[in-house]
Amino acid sequence: MPLFFNPARSSRHRRACFALYRSLIRQGLRVPLPGELSTASPLGPTNPIKTLIRNGFRRNKRDTSPRLIVSALKNGYRYLTLLSRAADPSAPEHTSVLGFLRENQARVLVIREKAAAEASKRISTAPIEGRPTLIKKISADGEPPVYAPAAPPRPLSSFPSGVRKPPTLGATMGVPFLRLKKPQPRFLERVLRQKSQRKEKRIAKIMEMQGEGLDAAVAEDQWEELVAEMLARKGGRGAEAVKKGGRRDKSTYRQTLWDAVVNQMQVSESERQDLVARANAMWQIVLAEQDMALKEEKERLAKEGKDPEEAQLRVWARPVWARRKRKPTKSTDQQKEQGGVGGETGEAEESEETHTPKTA
C-alpha cells in the first residue's frame, strides 16, 4: 500500500518535532549533574543528556510508519516530563536519571574498549616507521628520472636464518616491486592497489574523452558556428566574429578537450618513465643480492671442503615458466572410444611406425 502521508514534508509535523526537540534540550540542560558525568567524564566534557537526545532524534529521523512516529513522540513527551521533574535534586526522578547516565557511560566505555582491541588486532597498512628506503633518486629536477640503490646489500648476520634469500623483481599493471619475504606486507599491497587503480582511472578517462567526449565537443562547435552564422545574417553580435573567421581565433571545445587528452598522456608517459627507472634500480638490487648470495655459498662450500665451483643460488620458489606442465589425461570412456590403451589404435600406430615404406 503506498504511503500518501510523508511526515518529513508536513509542516505541522516538523514544527511539532522541532518544538519537542528544543524543549528536551532546554530541560536536559537544567538537570544538575556531578562532575564525573559532565566536565570530568571519560567520554568528554559534554552534557550526556544533550548527546542522548540528539542521537535519538537522528536515529528516528527516517521513520515513516505512523505507528513508529506516534510511539516516538509519546516517548519524547514522557521524557520531557521526566526531565522537568529531574531538575529538582531531591526528586526520585533525578536519582533515576543519574543511574541511567552512569549505566550508559559504562556501556559506552566497554564498547570503545572492544573497538580499540579489534583495531589493535588489525594489520596496519601504513609504512613501517624507521625503515630505510631501498632506492633513491639521483637525477636533478627537470632531467629524466634516474634511481640507484640507497644502500649496499645487508650482511649475512642480519638474516635470522643465516641464509641470504635474494629478492625477485615483480610488476603489476606496470608498477615494479621487490618480493623480499612472504607473506607480502600489507602496506605494499595497498600501494600497488592504489597505483593500479589510479592508472586504470586515467586510462578510462582518456578513452572516454577520445570517444563520446570528442564527439560531443565537435557537435558543440558545430552548434556554435550555426548560432554565429545566424547572428551574422541578422546583423547581431556575431556578425563581426564571422567576418574575422568565426571561432578560428578562439579555442574550440574540441581543441580544449584534445589538450586535456594530451596532458593526461604526458602524465602517463612521465609516470611510465619514472617506473622504468625505478625498475632498473630494483634490478640492480636483485643482481647485487644474487652476487652476494653466490659468494657466500662459495665460502660455505670451501669451509666444508667441497668444490666452490659447485655453488649455485638456492631456488626458493620455482618460476612459473620452469614448472613442469602436466599432460592432459584421457578419461576411460574416451580411451574406449579411441580403441583403449594398447588396443587397435595403438597397434595400428605402432605398425605404421615400424613398417614405414621407403620412398625412392
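# Questions on a predicted chain

Me: Between which two elements is the loop that holds leucine 180?
Reply: Helices (H or I, at least four residues) and strands (E, at least two) are DSSP runs, numbered from the N terminus. Leucine 180 is in a loop, and the elements on the two sides of that loop are β4 (175-179) and α5.

Me: Why does leucine 180 count as partly exposed?
Reply: A residue is buried under 20% relative accessible area, exposed over 50%, and partly exposed in between (1.4 Å probe, protein chains only). Leucine 180 counts as partly exposed because its relative accessibility is 47%.

Me: What distance separates the C-alpha atoms of leucine 180 and proline 167?
Reply: A contact means heavy atoms within 4.5 Å. Leaving aside residues up to four places away in sequence, leucine 180 touches Leu134 and Pro167. Leucine 180 and proline 167 are 13 residues apart along the chain, and their C-alpha atoms are separated by 4.9 Å.

Me: What is the phi of methionine 173?
Reply: Methionine 173 lies in the loop between β3 (168-172) and β4, and with a relative accessible area of 36% it is partly exposed. Most residues other than glycine have a negative phi. Methionine 173 is not a glycine, yet its phi is positive, at about 55 degrees.

Me: How many helices and how many strands does the secondary structure of the chain contain?
Reply: Along the sequence, the elements follow the pattern α-α-α-α-β-β-β-β-α-α-α-α-α. The count comes to nine helices and four strands.

Me: What percentage of the residues in the chain is buried?
Reply: Accessible areas come from the Shrake-Rupley method with a 1.4 Å probe, and for residues only the protein chains shown count as cover. The chain has an accessible surface of about 27,800 Å², of which 54% belongs to carbon and sulfur atoms. Of the 360 residues in the chain, the buried share is 20%.

Me: What span does helix α1 reach from its first C-alpha to its last?
Reply: The expected span of a helix is 1.5 Å times one less than its number of residues. Helix α1 (residues 11-29) has 19 residues, and the expected 27 Å is close to the span it reaches, 27 Å.

Me: Against which helices do the buried residues of α1 pack?
Reply: The buried residues of α1 are His13, Leu20, Leu24, Ile25, Gln27 and Gly28. Their packing partners are α2 and α3.

Me: Are α1 and α2 roughly parallel or roughly antiparallel?
Reply: Axes are lines fitted to C-alpha atoms, for helices over the stretch in contact, and angles run from 0 to 180 degrees between N-to-C directions. Angles under 35 degrees count as roughly parallel, over 145 as roughly antiparallel, 65 to 115 as roughly perpendicular and the rest as oblique. The axes of α1 and α2 are 9 Å apart, and the packing angle is about 160 degrees. The two helices are therefore roughly antiparallel.

Me: Is the crossing in which α1 passes α3 left-handed or right-handed?
Reply: The axes of α1 and α3 come within 9 Å and cross at roughly 30 degrees. This makes α1 roughly parallel to α3. A crossing is left-handed if the near helix is turned anticlockwise from the far one by less than a right angle, and right-handed if clockwise. The crossing of α1 past α3 is left-handed.

Me: Against which helices do the buried residues of α4 pack?
Reply: Helix α4 (residues 92-121) has 30 residues. Its buried residues are His94, Val97, Leu98, Leu101, Asn104, Gln105 and Val108. They pack against α2 (48-59) and α3 (66-86).

Me: Which residues does aspartate 221 touch, not counting residues up to four places away in sequence?
Reply: Aspartate 221 has its place in helix α5 (residues 186-234). With a relative accessible area of 9%, aspartate 221 is buried. With residues up to four places away in sequence left out, aspartate 221 touches Thr252, Tyr253 and Arg254.

Me: What is the relative accessible area of glutamate 289?
Reply: Glutamate 289 is found in helix α7 (residues 253-303). Not counting residues up to four places away in sequence, it touches Pro153, Arg154, Arg164, Pro166 and Pro167. Glutamate 289 is buried, and its relative accessible area is 11%.

Conventions:
Residues numbered from 1 in each chain as written. Predicted model: local features only at pLDDT ≥ 70, side-chain atom pairs only at ≥ 80, totals over all residues. Heavy atoms only, no water.
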